[in-house]
Amino acid sequence: MSPVVVLVGPPGSGKSTIAALLAERLGVPHRDTDTDIEAGAGKPISDIFVDHGEPHFRALERAAIVAALAGDEVLSLGGGAILDPDTRADLAGHNVVFLDVSLGEAAKRVGLGVARPLLLGNVRTQLRNLMEARRPLYAEVAKLTVQTDDRTPSDIADEILEHLK
């Protein structure tokens, strides 16, 4: 078994929203590795970062991804999941969709008062830095890139479903 589709992209790209919609339309479950990590740790990701640091979080994330890639659902990965070279290698051969979003749109969607540990401080600057560093890695693993700016979740899901046919 393997996921029907794997969604990757920066914070604010719509991964969770689109994954839930795709899962509903395909009649399969949706799995979000960030949710899996929080459930396993018994605390929010922001607390994991504060209490144990980013390396500990990334180890939990890696384990969650390995487990999730064995399932047959729509899978959404956390924004930084593709930083791990082993994860990028594991995504080869899967239907990976990069949900791309502009900085302005991502900043609007994420908001300024967010509990995202890597966006502390100036959210817009931090988000821009993350997006610039990660965009080539998202593109590397993706079989399809979908621009999400000014589009409804339904339109985005339609494009992905058309690609899966």
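Q: Are Glu162 and Lys165 buried or exposed?
A: In this predicted model, the side chains of Glu162 and Lys165 meet in a salt bridge, with 3.4 Å from N to O. As for their accessibility, Glu162 and Lys165 are both exposed.

Q: How many salt bridges does a search of the whole structure find?
A: Among the pairs are Glu162 with Lys165, Asp158 with Arg25 and Glu61 with Arg58. When the whole structure is searched, the number of salt bridges found is ten.

Q: Which parts of the chain does the salt bridge between Asp158 and Arg25 link?
A: The closest N and O atoms of Asp158 and Arg25 are 2.4 Å apart. Asp158 is partly exposed, at a relative accessible area of 40%, and Arg25 is also partly exposed, at 35%. The two residues stand 133 residues apart in the chain, and the distant parts that they link are helix H8 (residues 153-164), which holds Asp158, and helix H1 (residues 15-26), which holds Arg25.

Q: Why are Glu61 and Arg58 separated by about one helical turn?
A: Glu61 and Arg58 form a salt bridge whose closest N and O atoms lie 2.8 Å apart, and both residues are buried. An α-helix has 3.6 residues a turn, so residues three or four places apart point the same way. The separation is about one turn because Glu61 and Arg58 are three residues apart in helix H4 (residues 54-68).

Q: Which elements are included in what covers the buried residues of H1?
A: H1 has twelve residues, and its span of 16 Å from first to last C-alpha is close to the 16 Å expected. Its buried residues are Lys15, Ile18, Ala19, Leu21, Leu22 and Ala23. The cover over these buried residues includes strand E1 (5-8), strand E2 (30-32), strand E3 (74-76), strand E4 (96-100) and H8.

Q: Which residue with a positive phi follows H1?
A: The residue that follows H1 has a phi near 70 degrees, and its name is Gly27.
Elsewhere, a positive phi near 55 degrees occurs in a residue other than glycine, namely Asp150. Asp150 is found in the loop between strand E5 (144-147) and H8, and it is exposed, with a relative accessible area of 75%. Following H1, however, the residue is Gly27.

Q: What does the side chain of Thr33 reach at 3.4 Å?
A: Thr33 lies in helix H2 (residues 33-41) and is buried, with a relative accessible area of 0%. Leaving aside neighbours within four places in sequence, Thr33 is in contact with Ala64, Ile65, Ala68, Leu75, Ser76, Leu77 and Gly78. At 3.4 Å, the side chain of Thr33 reaches the backbone nitrogen of Gly78.

Q: What percentage of contacts between residues at least 6 apart in sequence join residues at least 24 apart?
A: The chain has eight helices and five strands, and from the N terminus its elements run β-α-β-α-α-α-β-α-β-α-α-β-α. Buried residues account for 46% of its 165 residues. Among contacts between residues at least 6 apart in sequence, the share that joins residues at least 24 apart is 73%.

Methods. Residues are numbered from 1 along each chain as its sequence is written. This is a predicted model: local features need pLDDT of at least 70, side-chain atom pairs count only at pLDDT 80 or more; totals for chains, interfaces and linings use all residues. Side-chain values use heavy atoms; hydrogens and water are left out. A salt bridge is a side-chain nitrogen of Lys or Arg within 4 Å of a carboxyl oxygen of Asp or Glu. Helices (H or I, at least four residues) and strands (E, at least two) are DSSP runs, numbered from the N terminus. Buried means under 20% relative accessible area, exposed over 50%, partly exposed in between (1.4 Å probe, protein chains only). The expected span of a helix is 1.5 Å times one less than its number of residues. Contact means heavy atoms within 4.5 Å. A polar contact is a pair of N or O atoms within 3.5 Å; within protein, one must be able to donate a hydrogen and the other to accept it, and residues adjacent in sequence count only if both atoms are side-chain atoms.
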